[in-house]
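User: I've got a model open and I'd like to learn how to read it, one feature at a time. Can you walk me through it?

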Amino acid sequence: MQTLTTIAAIRDALVNARMSGQTIGLVPTMGALHAGHRSLVEASVAACDITVATLFVNPTQFGPNEDFSRYPRTFEADQALLADAGCDFLFAPAVTELYPDEQSIWLQADAALADDILCGVSRPGHFRGVLTIVAKLFNIIQPTHAFFGQKDFQQATLIQRLVEELNFPITLVRCPTVREADGLAMSSRNRYLSPADREAATILSRALSAAKEMILEGETEPDAVQAVMEQCLAAEPAFVLEYAEVRQTDTLATASAPLMGEIVLAIAGKIGTTRLIDNEVVGVPQVRATANVAEGIAHVS
Ligand code: AMP
């Protein structure tokens, strides 16, 4: 694997691959890599001729009171993981390479999809930073495919819109969330957790599982599903809830009763100073109405 730090060098390195029609898979990351990131790289290696991972802790997606300066940086371990996973190129630029001057052009999604809902509410401007850096990486690498994790559901949805609405000729691949054995979604931020907080953090996936089970057993009231998530989360005193919501996967609109189609259960909150998010996509079972002619009663099954 070759590690390159300038835009000119990575463009140069990919010229031949592009000219000869090879597929190029892009895996954007902020480093502190774990098995979740690795699964994205492996998906790219399996699907594409060339895989490029990027490692860039993007300052413009962090708020003034967020963890940009203390975000974990584990460059050598990241390089080793990527090489081992079969990555061909690592693009790891300095901040000044991607933001040489003050940025005056930004990509801003509608507030109804970004700043007014889910993670956007507590992180105003976050998705503007995400969309802008992803568009820069798309233009620099010009991949044929790009791989994102379902773990960051709102982000993946916005990037899907970015590709469709700004006509990037890129196939997006969403990869499932990789979890620890006890259900905790892997995250670079998990390393901030003390052993006690690490234990408490399993409450997110447990709340999601309880809500998912309810839906699969026939619950169609979003308020009831939300209440179960909130009750479950309230049982863990270390967890401070930001949101627990039920939304449609395609539009991110609040799900209305009766639940139908594919919905996403999404949770965010803090344990100590560590912000955690998780989600679960659920296909709502189709209700089949069967008329019981003898009794004249409609049964649902
Ligand atoms: P990050 O380094 O946190 O910006 O994440 C880089 C990419 O890895 C994003 O597309 C994330 O959604 C994805 N990712 C992070 N954690 C996981 C996970 N546990 N499973 C799958 N993908 C993940």
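Analyst: Happy to. Let's begin at the ligand, where a nitrogen atom of the ligand lies 2.9 Å from a polar backbone atom of Met186. Keep in mind that this is a predicted model.

User: Which residues come nearest to the ligand?

Analyst: There are 17 residues around the ligand, and the nearest of them are His37, Gly149, Asp152, Val178 and Met186.

User: Let's move to a sheet. In what order do β7, β8 and β9 lie?

Analyst: The general idea is that strands of a sheet pair through backbone hydrogen bonds, either parallel or antiparallel. In this case, 3 strands make an open sheet, ordered β7-β8-β9, with antiparallel pairing. Strands β7 (239-248) and β9 (274-283) are at the edges with a single partner strand each, so one side of each has no neighbour in the sheet. On average, neighbouring strands are turned by 15° against each other, direction ignored.

User: How many bridges join β7 to β8, and how many join β8 to β9?

Analyst: Count them pair by pair. Between β7 and β8 there are 9 bridges, and Glu245 stands opposite Ala266 in β8. Strand β8 (residues 262-271) is joined to β9 by 10 bridges.

User: Which helix lies across β7 and β8?

Analyst: That's α10 (residues 222-234), which runs at about 160° to β7. If you colour by burial, β7 comes out mostly covered, with 7 of its 10 residues buried.

User: Now single residues. Is Asp67 buried or exposed?

Analyst: For burial, look at relative accessibility: under 20% is called buried. Asp67 is at 11%, so it counts as buried. You'll find Asp67 in the loop between β3 (50-55) and α3 (75-85).

User: What does Asp67 touch beyond its sequence neighbours?

Analyst: Leaving out residues up to four places away in sequence, Asp67 touches Phe62, Arg189 and Tyr192. With Arg189 there is a polar contact of 2.8 Å between the two side chains.

User: Where is Val52, and is it buried or exposed?

Analyst: Val52 is in strand β3. Its relative accessibility is 0%, and therefore Val52 counts as buried. Its contacts, again leaving out residues up to four places away in sequence, include Ile10, Leu14, Leu26, Val27, Phe89 and Ile141.

User: How far apart are Val52 and Asn279 in sequence and in space?

Analyst: Read those two separations side by side: Val52 and Asn279 are 227 residues apart in sequence, and 27 Å apart in space from C-alpha to C-alpha.

Conventions:
Residues are numbered from 1 along each chain as its sequence is written. This is a predicted model: local features need pLDDT of at least 70, side-chain atom pairs count only at pLDDT 80 or more; totals for chains, interfaces and linings use all residues. Side-chain values use heavy atoms; hydrogens and water are left out. Two strands pair if DSSP finds at least two bridges between them. Helices (H or I, at least four residues) and strands (E, at least two) are DSSP runs, numbered from the N terminus. Axes are lines fitted to C-alpha atoms, for helices over the stretch in contact, and angles run from 0 to 180 degrees between N-to-C directions. Contact means heavy atoms within 4.5 Å. Buried means under 20% relative accessible area, exposed over 50%, partly exposed in between (1.4 Å probe, protein chains only). A residue is near a molecule or strand if one of its heavy atoms lies within 4 Å of it. A polar contact is a pair of N or O atoms within 3.5 Å; within protein, one must be able to donate a hydrogen and the other to accept it, and residues adjacent in sequence count only if both atoms are side-chain atoms.
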